[in-house]
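Work through the exercises below with the model open beside you. Each task is followed by a stepwise solution.

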Amino acid sequence: MKAIRRFTVRPVLPEALRPLSDLARNLRWSWHAETRDLFQSVDPECWAASGNDPVRLLGSVSPGRLAELAEDRRFLRRLTAVAGDLNDYVTGERWYQGQSAELPAAVAYFSPEFGITAALPQYSGGLGILAGDHLKAASDLGVPLIGVGLLYRHGYFRQTLSRDGWQQEHYPVLDPHELPVALLKEPDGTPARISLALPGGRQLHARVWLAQVGRVPLLMLDSDVEENGLGERGVTDRLYGGGSEHRLLQEMLLGIGGVRAVRTYCRLTGHPTPEVFHTNEGHAGFLGLERIAELHTEGLDFDSALEAVRAGTVFTTHTPVPAGIDRFDRELVAHHFGPDAELPSIEVERILQLGMETYPGGEPNLFNMAVMGLRLGQRANGVSLLHGNVSREMFSGLWPGFDPDEVPITSVTNGVHAPTWVAPEVFRLGARQIGGRRTEDAMTVGGSDRWDAVAEIPDQDIWELRRNLREQLVTEVRDRLRTSWRQRGAGTAELGWIDGVLDPDVLTIGFARRVPSYKRLTLMLRDRDRLMDLLLHPERPIQIVVAGKAHPADDGGKRLIQELVRFADDPRVRHRIVFLPDYGMAMAQKLYPGCDIWLNNPLRPLEACGTSGMKAALNGCLNLSVLDGWWDEWFQPDFGWAIPTADGTGTDPDHRDDVEAAALYDLLEQRVTPRFYERGQGGLPDRWIEMVRQTLTLLGPKVLAGRMVREYVERLYTPAAHAHRAMTPDAARELAAWKARVRSAWHGVTVDHVETSAVTPTAELGSTLSLRVRVGLGDLGPDDVEVQAVSGRVDSEDRIADASTVPLKSAGSPDAEGRWVYEGPLSLDRTGPYGYTVRILPAHRLLASGAELGLVAVPSEDVGEGAGVLMR
């Protein structure tokens, strides 16, 4: 019989075991080995059955076992030690508290998904895992972050395969009471509530669940409450599901509701109010509108409130292609705002202007969430050096008149949380070398450029570690493959062959990620005969473990999975290549350490960063990848191999895949497999082990989430907090009025004449020329602008590359015609074709960048001397 209602019966822990409840409720257990070991010792069988989830474990342990543990002095000593360690961790001073700079009192970090642990399945892929690692690293560093997301009742889908290899999606219902979360409650014990106004007088209500991620609270809004109608209850049903209106409501709840949840949490707990708001991708962009509305009620007009909000906002874009950005129909957005809906104090037209694509090539009727994010954030970044370049190109239309390299979008390269992703065996090897505490600090706080202690680890130990991890992966793969085949309808009698799948002494390649077409899951199948030769080579075979999910609506991605699965089902190769369904954190934590090579072959430059190869590298796995994302930035031959690309704009996609697949096969045949199987005098693959050593020594410290979060703190959060503090209401009004005045008067700003002391078309390196420029400022004055000389090498079309800028000084009062003269030196600091130009930018002490307004005045073609080319 089927139950008509379900609820969770919690165990009553004996008094002596009460700290177990606190340990289970703080997700630090997900990356803290001693805490996990403690829970495992409670009941090893229940621990395995619970999927290593302490909350589920404590709900299934028998009262007799709990009574036994309450009398076990050895267990109680361990419990006291682990509970004390957690208390020290969450209350003690850490890196952030030791900084001398005036850092933000708090930072609110918004993301549509968070991958903290498999026990809290609120993530779909890299964006969520990155957000989870960001929170964990902030906790380790002591950064006062508040995470903000949604609690999806179905999470992301679970994946199985049909008999013929087609992806099947399943959406198990998650009961929050069975998750490691707790309701945020008012002092009277009632759940805290957040509400949004919907068109037609309806309301969208949400309660707030709190997940404690070490020191960092993660607030998750949940619309599945009785006060809501059926449609509103379903707003937080599943991650990235539903149509446009469903997604819009999710993003309004995340952004607008998220700010209200932060305000409620700070009111109830006394947590410092955030000075900085960080939106991780455009999904949470509406948070800026809510903050504008807050300031509106305090007496600021829209333009002044916009300046105040921009000052403390950081926007991170993760998308290297316009198609990956959420865009909504203008009328749909207009319908959900204004007098009869949400944020009635703000004119709908002002809201729409923030997201409209008002640049060449833009769609005039679409509201672009990333565009709004950039207009609402004074600081923005991509997630790798290459992605920063791509983003500046992609969004350059918002800053007309500026070269892409001057577009104010910087980059902070992603990192990964080592304690989450490093295998315990790898950690123990480091701890044996330098001690547990130093190893933990090296992996969390980071700060060093090299891990030199790796040099002291004997080759034999490294090789034994790698084989041990490979052997564990083989066992894991066979278990998962057996489960998968049973789900596909196979009987036990058909599955004897699985006992021979993979070999712990064969070179093992991993490929696991989401399955959009640009990641090219099936590039390895381009020449199946060559791949078969590699898999079945008599002396130097390879074996490949593949995993990944296609978006439920992406039939193209599902066809790629089916193509790969059908190849892997072939009895000739099925012992050498496997596809594992339901890729997630639990699988990944076994997969990265067990592979020798991590394969990544996206279409360059469509991988914004890609962090799976970083996690593999931290376990001594070498990367074999297209030079995209982070690998483009940090690749060295010591760390792995770069797959050559044919990414010219005119390249036919089929031909490109052929060329790059052939390059992949060549690398595997000629460079990778020989190095793995060659043995030196001691019987070990010396050159391979040296590459593992170099990867750990030099790449390890770079790929840490601790390094990433420290960069955010130093380069983005702290400047944003200082800008926020400087942007008092009066300063915000002043800046808004000044911007309005500059915009209306800019048509009168001109560069009228440029002359230099150079009299010949050549000059000597190291010489200095004098520039004299006559400009018109119209209704503006010298305090409103900066006149700059821009110089550098020029190409055949006289475009300046690698430009340097020098401000010129006003020579005094305007002349009789109202023109101003600016002067300054121009140093010739490089040889070859060299040129200069002059430009005028708006200037104000509260601007973060001269390009902020997107305004610039430059000479017309006939001004100056030969367009400013000095040397050929």
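Helices (H or I, at least four residues) and strands (E, at least two) are DSSP runs, numbered from the N terminus. This is a predicted model: local features need pLDDT of at least 70, side-chain atom pairs count only at pLDDT 80 or more, and totals for chains, interfaces and linings use all residues. Residues are numbered from 1 along each chain as its sequence is written, and side-chain values use heavy atoms, with hydrogens and water left out.

**Exercise 1. Positive phi**

Task: Locate Asp-582 and state its phi and whether it is buried or exposed.

Solution. 
- Step 1. Asp-582 sits in the loop between strand S17 (577-580) and H22.
- Step 2. Its phi is near 65°, a positive value in a residue other than glycine.
- Step 3. Buried means under 20% relative accessible area, exposed over 50%, partly exposed in between (1.4 Å probe, protein chains only). Asp-582 has a relative accessible area of 16%, so it is buried.
- Step 4. The loop between helix H19 (459-487) and strand S15 (507-512) holds Leu-502. Leu-502 is not a glycine, yet its phi is positive, about 65°. With a relative accessible area of 3%, Leu-502 is buried.

**Exercise 2. Burial of a helix**

Task: How many residues of helix H22 (residues 585-594) are buried, and which are they?

Solution. 
- Step 1. Seven of the ten residues of H22 are buried, so this helix is largely enclosed by the rest of the structure.
- Step 2. The buried residues are Met-585, Met-587, Ala-588, Leu-591, Tyr-592, Pro-593 and Gly-594.

**Exercise 3. A loop and an annotated lysine**

Task: Describe the loop between S18 and H23, then Lys-615 in helix H23.

Solution. 
- Step 1. Look for the cis peptide bond. It joins Arg-604 and Pro-605, with omega about 5°. Pro-605 is in the loop between S18 and H23.
- Step 2. Glu-607 also belongs to the loop between strand S18 (597-600) and helix H23 (612-617). Its relative accessibility is 5%, so Glu-607 counts as buried.
- Step 3. List contacts, where contact means heavy atoms within 4.5 Å. Beyond neighbours within four places in sequence, Glu-607 touches Pro-320, Tyr-518, Lys-519, Asn-600, Pro-602, Asp-628 and Gly-629.
- Step 4. Move to Lys-615, which is in helix H23. UniProt lists Lys-615 for "modified residue: N6-(pyridoxal phosphate)lysine" (unreviewed entry). UniProt positions are given in the numbering used here, feature names are shortened, and annotations may be inferred rather than shown by experiment.
- Step 5. Lys-615 is buried, at 4% relative accessible area. Leaving aside neighbours within four places in sequence, its contacts are Ile-129, Asp-133, Val-416, Trp-421 and Tyr-592.

**Exercise 4. Helix packing**

Task: Which angle and axis distance describe H11 against H14, H13 against H14, and H11 against H28?

Solution. 
- Step 1. Axes are lines fitted to C-alpha atoms, for helices over the stretch in contact, and angles run from 0 to 180 degrees between N-to-C directions. Angles under 35 degrees count as roughly parallel, over 145 as roughly antiparallel, 65 to 115 as roughly perpendicular and the rest as oblique.
- Step 2. H11 and H14 pack at about 90°, with axes 8 Å apart. That makes H11 roughly perpendicular to H14. Leu-306, Val-309 and Arg-310 of H11 meet Leu-374, Arg-375 and Leu-376 of H14.
- Step 3. The axes of helix H13 (residues 348-355) and helix H14 (residues 369-376) come within 6 Å and cross at roughly 100°. H13 and H14 are therefore roughly perpendicular. Gln-353, Leu-354 and Gly-355 of H13 make the contact with Val-371, Met-372, Arg-375 and Leu-376 of H14.
- Step 4. For helix H11 (residues 302-311) and helix H28 (residues 729-745), the axes come within 8 Å and cross at roughly 110°. H11 and H28 are therefore roughly perpendicular to each other. On the H11 side are Asp-303, Ser-304, Glu-307, Ala-308 and Arg-310; they meet Ala-732, Arg-733, Leu-735, Ala-736 and Lys-739 in H28.

**Exercise 5. A buried glycine**

Solution. 
- Step 1. Gly-257 is in helix H9 (residues 244-269). Its relative accessible area is 0%, so Gly-257 is buried.
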